[in-house]
Structure formats: C-alpha cells, structure tokens
Amino acid sequence: MSARQIRNIVILTGAGISAESGLGTFRDRGGIWEKFDWQKLATPEAFTADPESVHAFYNARRENLLAAQPNDAHRALAALELLWQAEERGQFLLVTQNIDDLHARGGSNEVLHMHGELLKSRCNHCGHLFEHEHAITPNTPCPACGRSGGLRPHVVWFGEMPLGLDTIYEALGACDLFVAIGTSGTVYPAAGFVTEAKAAGAWTVELSLQPGEVSTLFDERHYGPATKLVPEWAERV
Ligand code: APR
C-alpha cells in the first residue's frame, strides 16, 4: 500500500510497547499473570472478596509506573500523530489496552484507554472519577463524598465492558490502515479489531516481539523489539 492511499489510521497497542520501559507484559515468560492470579486480582468478584489484596496489587503497579519512562516506540507514535494532524491527512486513532500513561508522557495528544487508566480512581458510592497517584486502601476516603470503602482503580477488569467501543468500531469501519503493536491477541474484543479493519478494506500490520494468537489474519507482520520496529515503521508511513 502506498502512503498516498492511507488517510485514516487506527493503532492498537498492548503491553509489549511498554516492555522496554520496564513495565511487565502479562503472558510472556515471567509475565504478570504468571506471577499473579488474575482471578484473585482483576475481577469485580475478587475486589468484593478481597479489596485489600486488589488494592495492594494496583498500588505496586502504580509505583512501578511512576518510576518508568516512555520509550522510542511511544515517541514515534506521538510524532506520527503530530504529522497526521499537522498535514490534515485523515483520522488518527491511538487505542491502547495499557493502563499506563506512557503514550501521553511520550507526547501523544489523544489516547483512548480501552482498559482504563492506572493513575485514575473512581468511587463506587458517588461515581467521582479523579486522578490519583498514591496508594489506596479500603479505608481511603473519597475526596468528593468523603465515604471510605468505595474507591477502586479506574481499570477494566475481566468481565467488565471495555471503554470507548463505539468510537473504536466507528474508526475501524473507516480505516485504511490498522496496526497492532505489542499485543498477544488473546483478549477480546481488542483481538477482534483486525477482523473489523479487514472487513473495512484496511491494510493490517502486526508489530510485536513474536506472532500473537491472531497473527495469520494480518497482511504484514514484523517481529522484534518495539523500540526498533515502531520508529522504523512510522518512518515508512
Ligand atoms: N516489543 C514488542 N513486543 C513485545 C515486547 C517488546 N519489547 N515484549 C513483549 N512483546 C509482545 C509479546 O510477544 C506479546 O505478544 O507483547 C505481547 C504482550 O502480550 P500480553 O502480555 O498478552 O499483553 P496484552 O496483549 O497487552 O494483553 C491484553 O490482557 O490481562 C489483560 O488487561 C490486560 O490489557 C491487557 C490485556
């Protein structure tokens, strides 16, 4: 596909893009879900049963995130977004499954966090959503309503509905290019985005360390570290 044909882009990122920033992936050897049981930490039922352990898990991840820095892959996507907007080439949608804020810190202006954001919390009592960098316990009071016991990380747990799906499917239905970066393609609906994009006639590209579960569906595939692949690919676009 030549650059002249590409107007609308949808990019989907996963944990692999933040791996070289020091944040663990989930399903690689030694990954987060090998060390921790997601059923006990990342479901609404787990939170009801044992909020203390769930908070401790996310408190530790928040601490890791605050110590991490964006890498060249995050920065390359930010530069591409800037170019797309400056030259009014078309729609540019960056969707991430990551709950880290490294895309924003890498310079991206608009990021759709379909699995939520680790540096935000919300209150189950009053619905207040707010930015939050510190540790939370079941006793932490909500800054809006003052009640404790209701705060939870603003992340999408297994069994919950991802965020922004209407916007994502609309963009996928109109995109010319779909790129999945650093994701294993095991979690739906994100793993199904390549099929939606192909149905819309888009060229589809997988950039990752190794083939994901749905890799055979992509038109073009490149394997290696994101900090190398993503800047190279962005340069070609
Ligand atoms: N560069 C590029 N890709 C990498 C790198 C790297 N340096 N390191 C690892 N990868 C790739 C792996 O090969 C793997 O395919 O990143 C992918 C990470 O896959 P997962 O750990 O499954 O992460 P992800 O696909 O983002 O998981 C989806 O699962 O538990 C949930 O909510 C969580 O958003 C997450 C979702």
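## A guided reading of the predicted model

At 39% relative accessibility, Cys 126 counts as partly exposed, because the partly exposed class lies between the buried class, under 20%, and the exposed class, over 50%. Cys 126 lies in the loop that runs between strand E4 (116-123) and strand E5 (129-131). An unreviewed UniProt entry places the feature "binding site" at Cys 123, Cys 126, Cys 142 and Cys 145. These residues span 23 residues in sequence, yet no two of their C-alpha atoms are more than 8.6 Å apart, so they gather at one spot.

The ligand is the next subject. Which residues come nearest to the ligand? Of the 23 residues around the ligand, these are Phe 26, Arg 27, Trp 33, Thr 183 and Ser 184. Sorted by class, the shell around the ligand contains nine nonpolar, 11 polar and three charged residues. The shell also draws on two domains: at least three residues come from domain 1 (1-22 + 70-115 + 162-237), and at least three come from domain 2 (24-67 + 120-155).

Individual atoms may now be considered. Trp 33, already named among the nearest residues, places a polar side-chain atom 2.6 Å from an oxygen atom of the ligand. In the side chain of Glu 20, an N or O atom is 3.0 Å from a nitrogen atom of the ligand. Gln 97 takes part through its backbone, where an N or O atom lies 3.1 Å from an oxygen atom of the ligand. Taken alone, the ligand exposes 740 Å², and the protein buries 93% of that area.

The unreviewed UniProt entry also places the feature "binding site" at Tyr 58 and Arg 61. Tyr 58 belongs to helix H5 (residues 51-67). Is Tyr 58 buried or exposed? Its relative accessible area is 3%, and Tyr 58 is therefore buried. Helix H5 also holds Ala 60, but Ala 60 has a relative accessible area of 39% and is therefore partly exposed. Between the C-alpha atoms of Ala 60 and Thr 167, which are 107 residues apart along the chain, the separation is 31 Å.

Two details of the backbone deserve attention. In general, most residues other than glycine have a negative phi, and most peptide bonds are trans. Glu 88 has a phi near 50°, a positive value in a residue other than glycine. Glu 88 is placed in the loop between helix H6 (72-86) and strand E2 (92-96), and at 70% relative accessibility it counts as exposed. The second detail is a cis peptide bond, with omega about 10°, that joins Tyr 188 and Pro 189. Pro 189 is found in the loop between strand E7 (177-181) and helix H9 (193-199).

Gly 212 sits in the loop between strand E8 (203-208) and strand E9 (220-223). With a relative accessible area of 15%, Gly 212 is buried, because buried means under 20%. Gly 212 and Thr 186 are 26 residues apart along the chain, and their C-alpha atoms are separated by 7.6 Å.

Ala 79 lies in helix H6 and is partly exposed, with a relative accessible area of 45%. At 14% relative accessibility, Ala 234 counts as buried. Ala 234 and Arg 89 are 145 residues apart in sequence and 15 Å apart in space, C-alpha to C-alpha.

Technical notes:
Residues numbered from 1 in each chain as written. Predicted model: local features only at pLDDT ≥ 70, side-chain atom pairs only at ≥ 80, totals over all residues. Heavy atoms only, no water. Near = heavy atom within 4 Å. Polar contact = N/O pair within 3.5 Å; in protein donor to acceptor, adjacent residues only side chain to side chain. Areas by Shrake-Rupley, 256 points an atom, 1.4 Å probe, with all protein chains shown as cover. Nonpolar A, V, L, I, M, F, W, Y, C, P; charged D, E, K, R; others polar. Domains from an automatic or database assignment. UniProt positions renumbered as here; feature names shortened; annotations may be inferred. Helix = DSSP H or I, 4+ residues; strand = E, 2+ residues; numbered from the N terminus. Buried < 20%, exposed > 50% of the residue type's maximum accessible area, 1.4 Å probe, protein only.
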